[in-house]
Amino acid sequence: MTSLRHDRDGLSRAHSVSLQVPSEQEYLRNGRPRRTLSLMRKYEAAALLSDLTISFTSHVAPASPLFEEAATGFARGTPIQTTRGPVAIEDLLPGDYIETSNGIEPVMWIGSTSYIPDRDDDGTTLTHLTRITANAFGVGQPQFDILVGPAARMTVRHPKLKILLGQETVLAPVADYVDGDRFIEITPAGPVQLYHLMVKRHGTIRIGGLDMETYHPGKSTGAAMGQNQRTLFLSMFPNIEALEDFGDVTLTRTTREVVESLIDT
């Protein structure tokens, strides 16, 4: 991992941290085991530190859901509403103030990766991007096409959810709603730069008229982590000392299937 730390006067200083990632046991589709290194991916992270400087770091980490979800929310070009107007997500910096469901908050962290959907041995695409088409939920919702990655979740609202869950709004993966019409599965021909961002409190940001989730690793993330994986993961967040520092998940995460089963009861 290489880190550049920028002060307000524009000066920077670099330091390096070396982390070893252990190999893991993988299995071929026919059930025969083989010993190989995990598929790795390069991730970039920018964080607002306590002294108001910005840390820029580069990491090589497993291409697993834990790490990929931190960087695969929105495609390059996605406009984020800031206090100075819409800004493309790739032009945001930690410390910029954006509009969130909790009010105006500074961006605390931005993760990104150059993403190519995984393919199986027979060429079948295993993971896709999703295009939410303009007016998918009615006029101006969203106002334009939005291209999102596998980590993107959007709010789903229904009065019945208030009765059953105590809250009218939940979060569900955008990919669950692929229908070939309003939500279209996209397989890019080449790499697509994807991003995710974190604010002080987990919540949502409005993109083109839709409320989309800000990044949070989840309440139970630490339970499945080994020490090496925890160290590597936290190295991507120099503004965070422990997993507990991510705070609470403020909205229930679920799936389209669960939401529809609750609504139909």
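First, a cut-off to keep in hand: a residue is called buried under 20% relative accessible area, exposed over 50%, and partly exposed in between. One caveat as well: what you're looking at is a predicted model.

Start with Leu52, in the loop that links strand 5 (40-48) to strand 6 (54-62). Its phi is positive, about 70°, even though Leu52 is not a glycine.

Now move along to the loop between strand 12 (129-132) and strand 13 (146-148), where Pro142 is found. Asn135 is in the loop between strand 12 and strand 13 too. Asn135 is not a glycine either, yet it has a positive phi of about 65°. With 43% relative accessibility, Asn135 is partly exposed. Further along, look at the peptide bond from Gln141 to Pro142: it is cis, with omega near -5°.

Last stop, the surface. Which residues form a nonpolar patch there? They are Ile163, Leu164 and Leu165, and together they have about 310 Å² of accessible area. Ile163 belongs to helix 2, which covers residues 159-165. Its relative accessible area is 72%, so Ile163 is over the 50% cut-off and counts as exposed.

How values were computed:
Residues are numbered from 1 along each chain as its sequence is written. This is a predicted model: local features need pLDDT of at least 70, side-chain atom pairs count only at pLDDT 80 or more; totals for chains, interfaces and linings use all residues. Side-chain values use heavy atoms; hydrogens and water are left out. Helices (H or I, at least four residues) and strands (E, at least two) are DSSP runs, numbered from the N terminus. Buried means under 20% relative accessible area, exposed over 50%, partly exposed in between (1.4 Å probe, protein chains only). Patches are made of residues with over 30% relative accessible area and no salt bridge: like charges are joined within 9 Å, nonpolar side chains (Val, Leu, Ile, Met, Phe, Trp, Tyr) within 5 Å. Accessible areas come from the Shrake-Rupley method with a 1.4 Å probe; for residues, only the protein chains shown count as cover. A salt bridge is a side-chain nitrogen of Lys or Arg within 4 Å of a carboxyl oxygen of Asp or Glu.
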